[in-house]
Amino acid sequence: MKVQVINGTAIPHMPWQDKPADCKDVIWRYSQNPIIARDHLAMSNSIFNSAVVPFADGFAGVFRVDDKARNMELHAGFSKDGLHWDICEERIDFCKTNPDIQDFQYGYDPRVCFIEDRYYVTWCNAIDWKPTIGCAYTFDFKTFYQFENAFLPFNRNGVLFPRKIGGHYMMLSRPSDNGHTPFGDIYISQSPDLVFWGKHRYVMSPKMCWESTKIGAGPIPIETDRGWLIFYHGVLTSCNGFVYSFSAALLDLDEPWKTLKRGREYLLSPQQPYECVGDVPNVVFPCASLVDADTGRIAIYYGCADTCTSLCFTTVDDVIDWLDSHSQV
Ligand code: BMA
């Protein structure tokens, strides 16, 4: 490995696949995609845009499950191999850490971040049916403790960093509107305690055609000796609607509002049938990237066409080599 992963863990139990000999891209898809079908649960309309982490001797996750009444819910799940998932039939019933926390209205696009001693979940949560960033923590993926929303509406794509930086917790987010938001930049906010957020800084705006409508942070940033490696989605508006692709960037380790490198092109765009056809066509939406600290291999879980969940692979060296030759900041 040329680039070192910092503060990572080994994930030998992920069923890694090597890059196929005929693959010309930096990211390659798992050969049996999608790994979670829309009807995985009897009650599910779709399962997508979900977050997975290494847990105990396997994996755990928080899944976006839209039910057949088209409510948007969050469900916990467990897996030994990262491919075959036992997803709970019942949605997560959050324990409120403060009685004033409003009852769950909807939740979607979760991310899971291990910080210090527990797993934090951030998701798009409604206040009075207006989206912002909901926050909870769990130790076991059975009991989830909901605490204060990070921001006022409207906001989406809240993504925590896995450690404090300069004495503060950090969160990327994407201020938005109450609809399908035809704009969007990534910002970063800082907090001493994960409750009070401030010192907001601008990070990135849409730049290239593939992301010209809006961008939003994806999985939890990966710490490397070159900077924080992030994957982020970008949206193009075509004559037939939005097209969601994703790419990568490197942020400064100490001042992560500074973008060091940023992909000129997408790394993955909707091209396979399960990415192009579904409830919302032409969407790939990454919410988790698991990195094997020993080898630098990366597994990315991504939602497909707002319908099912897939897996793809790359390596830290491959992505950073590509950023070194394909960057436009
Ligand atoms: C975004 C979110 C995502 C979804 C995407 C495409 O605004 O709602 O959950 O995948 O739109 O529909």
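Reply: Let's start with a definition for the sheets. Two strands pair if DSSP finds at least two bridges between them. One caution too: this is a predicted model.

Me: Fine. What is the strand order in the open sheet of five strands?

Reply: The order is E6-E10-E9-E8-E7. The pairing in that sheet is mixed.

Me: Which strands stand at the edges there?

Reply: Strand E6 (95-96) and strand E7 (107-115). Each has a single partner strand, so one side of each is left without a neighbour in the sheet.

Me: And inside that sheet, how many bridges join E8 and E9?

Reply: Nine bridges, in the antiparallel sense. E8 covers residues 118-127 and E9 covers residues 130-138. For a spot to look at, Ala126 stands opposite Pro131 in E9.

Me: What holds paired strands to each other in general?

Reply: Strands of a sheet pair through backbone hydrogen bonds, either parallel or antiparallel.

Me: OK, next sheet. What order do the strands take in the open sheet of four?

Reply: E2-E3-E4-E5, with antiparallel pairing. Strand E2 (44-55) and strand E5 (86-87) stand at the edges. Each of these has a single partner strand, so one side of each lacks a neighbour in the sheet.

Me: How many bridges are there between E3 and E4?

Reply: Eight, again antiparallel. E3 runs over residues 58-67 and E4 over residues 72-79. Val62 stands opposite Ala76 in E4.

Me: Switching topic. How many aromatic pairs does the count come to?

Reply: The count comes to 28 aromatic pairs. Take Phe63 and Trp85 as one of them. Their ring centres are 5.0 Å apart and their planes are at 65 degrees, so the pair is edge-to-face.

Me: Where do those two sit in the chain?

Reply: Phe63 is in strand E3, and Trp85 is in the loop between E4 and E5. They are 22 residues apart, and the pair links distant parts of the chain.

Me: Buried or exposed, that Phe63? And Trp85?

Reply: Phe63 is buried, with a relative accessible area of 1%. Trp85 counts as buried as well, at 6% relative accessibility.

Me: Which residues form the aromatic cluster?

Reply: Phe55, Phe78, Phe94, Phe104, Phe114, Tyr119, Trp123, Phe141 and Phe144 form one cluster.

Me: Now the ligand. Which residues are around it?

Reply: Asn49, Arg64, Tyr108, Asp109, Tyr244, Val280, Val283, Phe285 and Asp306. The shell divides into five nonpolar, one polar and three charged residues.

Me: How far is a ligand oxygen from an N or O atom in the side chain of Asp306?

Reply: 2.6 Å. For the side chain of Asp109, the distance from a ligand oxygen to an N or O atom is 2.8 Å. For the side chain of Tyr244, the distance is 3.0 Å.

Me: How much of the ligand does the protein cover?

Reply: The protein covers 85% of the 300 Å² of accessible area that the ligand has on its own.

Me: What about strand E11, how many of its residues are buried?

Reply: Six of the six, so E11 (residues 155-160) is largely enclosed by the rest of the structure. E11 pairs with strand E12 (residues 169-175) in the antiparallel sense, over four bridges. There, Asn155 has Pro175 in E12 as its bridge partner.

Me: One more: where is Arg262?

Reply: In strand E19 (residues 259-262). Arg262 counts as buried, at 4% relative accessibility. A polar atom of the Arg262 side chain lies 2.7 Å from the backbone oxygen of Ser205. The C-alpha atoms of Arg262 and Ser247 are separated by 8.2 Å, and these residues are 15 apart along the chain.

Me: And Asn33? What does its side chain contact?

Reply: The side chain of Tyr274, through a polar contact of 3.3 Å. Asn33 lies in the loop between strand E1 (28-29) and E2. Asn33 is buried, with a relative accessible area of 13%.

Notes
Residues are numbered from 1 along each chain as its sequence is written. This is a predicted model: local features need pLDDT of at least 70, side-chain atom pairs count only at pLDDT 80 or more; totals for chains, interfaces and linings use all residues. Side-chain values use heavy atoms; hydrogens and water are left out. A residue is near a molecule or strand if one of its heavy atoms lies within 4 Å of it. A polar contact is a pair of N or O atoms within 3.5 Å; within protein, one must be able to donate a hydrogen and the other to accept it, and residues adjacent in sequence count only if both atoms are side-chain atoms. Accessible areas come from the Shrake-Rupley method with a 1.4 Å probe; for residues, only the protein chains shown count as cover. Ala, Val, Leu, Ile, Met, Phe, Trp, Tyr, Cys and Pro count as nonpolar, Asp, Glu, Lys and Arg as charged, and the others, Gly among them, as polar. Rings of Phe, Tyr and Trp (its six-membered ring) pair if their centres lie within 6.5 Å; planes under 30 degrees apart count as stacked, over 60 as edge-to-face and the rest as tilted. Buried means under 20% relative accessible area, exposed over 50%, partly exposed in between (1.4 Å probe, protein chains only).
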